[in-house]
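Okay everyone, thanks for coming. Have a look at this one while I talk through how the chains sit against each other.

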Amino acid sequence: MPAYATNMRMKFPIVALVLEIITIILFAVFVVYDDGKSDDHHDKASNKSDHKEPMPMDLYPMFQDVHVMIFIGFGFLMTFLKRYGFSSVGINLLLAAFGLQWGLLMQGFWHMTDGKIKISIFKLINADFSTATVLISFGAVLGKTSPVQLLIMTILEITIFSINEHLVAEVFKANDVGASMIIHAYGAYFGLAVARVLYRPSLKNGHDNEGSVYHSDMFAMIGTVFLWMFWPSFNSAIAEPGYAQLTAVINTYLSLAACVLSAYAVSSLVEHKGKLDMVHIQNATLAGGVAVGTCADMNIGPFGAMLIGFVAGIVSTLGFKYLTPILSSHLRIQDTCGVHNLHGMPGILGGLAGIVAVALGKKEGGSVAMQAAALASSLGFALFGGAITGLIMKLPFWGQPPDQNCYDDSLYWEVPAEEEENEESLAHADHSKNKAEV
Amino acid sequence: MPAYATNMRMKFPIVALVLEIITIILFAVFVVYDDGKSDDHHDKASNKSDHKEPMPMDLYPMFQDVHVMIFIGFGFLMTFLKRYGFSSVGINLLLAAFGLQWGLLMQGFWHMTDGKIKISIFKLINADFSTATVLISFGAVLGKTSPVQLLIMTILEITIFSINEHLVAEVFKANDVGASMIIHAYGAYFGLAVARVLYRPSLKNGHDNEGSVYHSDMFAMIGTVFLWMFWPSFNSAIAEPGYAQLTAVINTYLSLAACVLSAYAVSSLVEHKGKLDMVHIQNATLAGGVAVGTCADMNIGPFGAMLIGFVAGIVSTLGFKYLTPILSSHLRIQDTCGVHNLHGMPGILGGLAGIVAVALGKKEGGSVAMQAAALASSLGFALFGGAITGLIMKLPFWGQPPDQNCYDDSLYWEVPAEEEENEESLAHADHSKNKAEV
Amino acid sequence: MPAYATNMRMKFPIVALVLEIITIILFAVFVVYDDGKSDDHHDKASNKSDHKEPMPMDLYPMFQDVHVMIFIGFGFLMTFLKRYGFSSVGINLLLAAFGLQWGLLMQGFWHMTDGKIKISIFKLINADFSTATVLISFGAVLGKTSPVQLLIMTILEITIFSINEHLVAEVFKANDVGASMIIHAYGAYFGLAVARVLYRPSLKNGHDNEGSVYHSDMFAMIGTVFLWMFWPSFNSAIAEPGYAQLTAVINTYLSLAACVLSAYAVSSLVEHKGKLDMVHIQNATLAGGVAVGTCADMNIGPFGAMLIGFVAGIVSTLGFKYLTPILSSHLRIQDTCGVHNLHGMPGILGGLAGIVAVALGKKEGGSVAMQAAALASSLGFALFGGAITGLIMKLPFWGQPPDQNCYDDSLYWEVPAEEEENEESLAHADHSKNKAEV
């Protein structure tokens with residue numbers, strides 16, 4: 001074990017510093033501030049029907065909501081593990097901070113103006129989005145990967161994401177305003193493919209550290225609730241300003257509300273003595289936000305959004321209860337946070353709902369074939385990209401934690417001494433102290 | 001005890017699923033997106049003096065602030081109990097998610113356009129408001145009620161709220177922009193009436209679980225601080241856009257600031273050795289937001305707002321210290337969170353301040369009689385509605401927790417095993433300590 | 001010890017109530033709502049190039065972001081100490097609530113209209129800013145001062161701040177949009193001067209309470225992440241609306257992102273076995289926001305902002321590792337939170353970056369001499385003002401905690417009894433359990 005931990009001392013700082021320096025150089029060459037003369041049609045959508053000139057800061061409050069989801073939402077959602085809170089929120093910050101820079105570059109290369117990437121609030125939102133894919137995949141491999149491995153995953157996943165995103169948005173011209181397909185399904189199956197490659201046989205019967213304590217579950221609820229509240233911003237941030245954006249907000253708000261009821265009901269139904277399970281509540285209550293993403297800005301009706309959320313809550317909770325164990329035992333996919341249940345299946349559900357909605361004419365100019373192509377493309381890039389990325393991450397010199405140190409902050413973090421004593425041997429500690437005092 | 005817990009397995013899922021399905025059907029029949037052609041005068045208030053066309057998303061940042069208050073604010077404020085954090089934040093999410101749907105319907109029925117309820121951001125804010133009443137009442141009965149009982153309370157309380165709200169706003173045309181009367185006083189006295197009906201004699205000397213631990217008090221402060229920060233949004237969200245809204249923000253900001261000083265001062269004054277009490281700090285610092293609600297958008301002057309907050313902080317802190325024990329012992333009202341001190345008395349204070357402000361001509365077109373009628377109506381509906389609701393909740397088949405399991409998550413939640421060990425063996429610890437002391 | 005604690009019973013309530021009453025009287029005499037006829041040029045900047053009339057609530061979402069930084073950000077950042085969480089978040093609320101009122105007065109006196117201070121959202125933001133200086137200084141003396149001492153510091157520090165702020169903005173007409181100099185450097189060196197005067201020799205080898213536990217570090221990360229996310233709002237809130245504001249957002253966002261990578265890298269590089277240190281992660285990741293403050297709205301280019309952040313992350317982390325111990329041992333400055341590393345050095349770095357940027361012509365109308373004067377003035381007022389304030393705080397009747405009770409909530413707060421038992425007698429518990437098992 002020390003060998004692994006010690007390795008970090010050079011590897012991690014060098015990788016982090018080199019990546020950042022390269023990134024700064026690329027920014028120096030390619031990136032400028034938006035000056036309002038960009039021709040990015042999304043960005044400067046003049047919404048004539050609403051008689052309002054777009055302003056550079058119009059999207060800023062929405063951006064900040066998304067920002068909170070990325071850094072507080074994802075970060076704290078993963079703090080449920082009893083000994084892995086520093087890594088969950090801390091590595092989340094690291095990956096997102098690097099990912100948003102990389103995302104600005106990768107997505108920017110597809111939308112250059114005069115050879116330059118012009119940054120606007122719209123671009124910052126998309127950069128945050130691109131990091132969301134990584135944070136979803138992070139959930140699948142949480143506790144079993146080193147910071148260096150995860151930085152490598154960040155680079156590759158965002159690069160591939162931006163290719164798929166370009167294909168879906170610009171070539172297929174498919175609708176995916178809330179990104180059920182290109183973020184949630186993509187991020188989940190990418191992460192699951194990585195987890196499959198990094199399968200650890202010795203963890204198949206679980207691990208002592210792989211559980212929560214009372215207060216770690218409380219910290220995780222901070223993540224859950226912030227994600228839940230701001231999901232309407234996530235799904236509407238890049239919608240057309242005006243009533244389309246309002247529709248995206250309302251659909252997401254209602255889908256999430258309906259999802260809470262079905263997730264709670266099914267959690268109680270499937271659990272011992274009808275008790276609620278924190279894992280379900282922390283995650284499945286959010287599935288409605290994922291599943292309504294693709295058709296959030298479509299005219300599916302408030303009750304349509306609620307139906308989607310209602311089904312998503314059921315599917316997600318059942319997935320945690322019955323599918324996650326099967327994935328682990330039969331498919332050798334160890335999905336720490338159950339991203340398959342929160343992002344994978346609800347993401348596909350969202351893609352399918354989008355196909356149905358377009359087929360029913362709920363979106364002007366939508367095409368069923370292109371929606372299906374977008375879903376297939378997202379899944380294909382995810383599985384293929386994730387497998388390749390997993391193989392690269394599996395190379396033996398990235399400081400991967402040994403099995404016995406999985407889900408344990410103390411491998412990569414200085415953990416307060418007192419706390420370790422507390423948990424491991426408070427008895428012995430104080431016992432010996434008492435003896436000493438005697 | 002197992003009998004109670006097991007009961008949840010069927011009752012809770014069935015109630016939750018049936019309620020949600022009925023709600024979705026009602027939405028399918030009655031609810032559509034706002035298309036900007038609504039004639040709701042509040043909603044589309046064209047504020048001519050400010051020369052600005054209202055846009056569908058104008059209120060969205062305010063809505064999100066209110067949303068944070070409902071889900072993080074109320075949810076975490078109640079996590080102060082040492083063994084009831086899952087329920088506090090989890091059941092808060094459940095009730096609010098159902099309540100906002102129910103609130104959209106109940107309030108919407110009073111404001112239909114062409115037989116339809118048109119949802120706008122304004123309506124979402126009001127739906128959040130309607131759930132606030134339930135969450136306040138939840139505080140009064142926290143730890144002593146089952147999820148099924150609380151869902152029933154949600155339905156009834158919001159239904160009655162929307163009647164009173166219609167009466168106050170449309171019939172009396174009274175001013176209550178920050179809802180001191182129709183939300184805070186109503187929610188508090190409704191909850192107290194329920195608590196009175198559900199009185200448990202065996203808890204009159206307290207309960208082992210009815211206290212905080214260090215970190216549960218820290219979690220509660222998350223709720224307190226988010227409520228404190230975003231209260232200006234709560235009190236100004238539905239004010240007339242422009243300077244009236246600015247006035248509501250400033251009054252609330254200043255009232256809360258002054259309230260902090262008086263709450264801290266009085267807490268120190270009445271406590272053992274001048275120490276501050278977390279219960280006071282978590283709650284009484286917010287009383288200024290409640291008490292300035294009714295006259296938040298009136299021209300009471302910055303110092304007027306501060307005076308209201310200053311008095312509210314004193315009244316609320318003294319209430320926690322001296323009145324809550326009397327309510328429990330003499331009136332048989334066990335008010336777990338002390339909502340009488342945070343919402344009840346400050347809500348009445350707010351209503352009275354509104355009467356005085358209108359009498360002093362601080363609000364154009366205000367009527368003292370109508371303000372008084374609004375306060376009386378809110379209290380009357382609260383006490384009567386709460387008593388009826390309490391009687392329905394008292395029916396013996398809703399899975400109410402037995403006395404010895406009050407304030408204990410493990411009745412309705414899977415609680416991490418390790419934590420239980422901790423807590424179970426602590427008993428031994430203290431036991432042995434007691435022995436040692438003997 | 002009891003003598004100190006008991007003293008609070010009269011001193012603290014009297015000081016708090018008298019201060020609040022005086023403040024309310026001053027507000028009654030001097031403060032009115034803004035009515036849009038203010039001639040404050042900052043406030044009502046008509047941004048002609050963007051063709052948009054400013055509205056009274058335009059800055060409100062930015063204000064709320066800053067508000068969250070002040071109350072959640074600073075408050076929770078300081079909760080890392082294991083036994084000082086109540087004070088960190090609780091006294092933070094007290095000082096900020098009083099400070100914003102005092103700041104409105106002190107800053108307002110320099111910007112009166114017809115003998116009145118007119119409050120707008122812009123003024124609320126500036127009031128929050130003025131409290132930030134106090135909260136920074138609070139970090140330097142955290143755990144070693146009484147609430148009464150800190151209220152005195154609040155009054156003096158804000159009063160002196162508003163003099164320096166006026167000098168820098170109106171006389172020197174220097175640029176400091178994100179306040180690297182007038183808030184961060186000022187607040188840090190003011191606090192360090194106070195800490196120097198209040199030096200406690202007996203704490204030179206540390207204190208038992210001066211460390212974190214696992215969950216206190218998690219609470220602190222709530223503060224860190226909210227500060228990190230909303231820092232773009234802090235640095236852009238009072239920038240010229242439009243593209244200058246966008247530039248400030250982008251520069252801050254990128255500086256912070258680059259700073260994370262360098263802070264993590266250096267933390268791993270300097271720590272035992274390459275492990276990350278929570279103190280660095282909680283603090284040094286924010287140094288990029290401080291250091292880019294002065295030139296946030298200047299045309300330094302996205303890569304320029306990243307360079308500043310990159311350097312700030314390195315400097316700050318190295319400061320925590322190597323400089324803080326030297327400050328304590330050689331300069332007799334005990335800096336509890338390491339504000340010198342987060343606000344002091346990065347603040348100076350920000351001032352220097354501003355000088356360079358102005359020299360390179362990145363800001364129209366900027367003057368190198370005036371930038372340098374602003375930095376010197378901020379440092380001078382801080383050191384001199386802090387020293388005087390420290391001397392006043394050192395007077396022996398403000399209830400300063402004795403050395404052995406430093407960093408301990410239980411001196412000024414009712415702390416849950418059970419928790420104390422927990423910590424004191426867990427040993428007995430497990431001991432007895434072990435015996436039983438034997």
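**How the chains meet**

Let me start with the salt bridges: between chain C and chain B the count is 0, where a salt bridge would be a side-chain nitrogen of Lys or Arg within 4 Å of a carboxyl oxygen of Asp or Glu. Before I go on, the ground rules: this is a predicted model, where local features need pLDDT of at least 70, side-chain atom pairs count only at pLDDT 80 or more, and totals for chains, interfaces and linings use all residues. Residues are numbered from 1 along each chain as its sequence is written, chains are lettered from A and ligands numbered from 1 in the order in which they are written, and side-chain values use heavy atoms, with hydrogens and water left out.

So what does join C and B? For polar contacts, there are 15 residue pairs across that interface, both residues at pLDDT 80 or more. A polar contact here is a pair of N or O atoms within 3.5 Å; within protein, one must be able to donate a hydrogen and the other to accept it, and residues adjacent in sequence count only if both atoms are side-chain atoms.

On the chain C side, the elements that each supply at least two residues include α1 (2–30), α3 (85–109) and α14 (417–437); helices (H or I, at least four residues) are DSSP runs, numbered from the N terminus. α1(C) gives the largest share, 15 residues. By class, that side has 49 nonpolar, 16 polar and 15 charged residues; Ala, Val, Leu, Ile, Met, Phe, Trp, Tyr, Cys and Pro count as nonpolar, Asp, Glu, Lys and Arg as charged, and the others, Gly among them, as polar.

In total, 80 residues of chain C are in contact (heavy atoms within 4.5 Å) with 68 residues of chain B. About 6,400 Å² is buried there, 74% of it from carbon and sulfur atoms; that's accessible area (1.4 Å probe) lost on putting the two parts together, summed over both.

Now B against A. Here 72 residues of chain B contact 61 of chain A, and about 5,800 Å² is buried, with carbon and sulfur giving 76%. Again, 0 salt bridges turn up.
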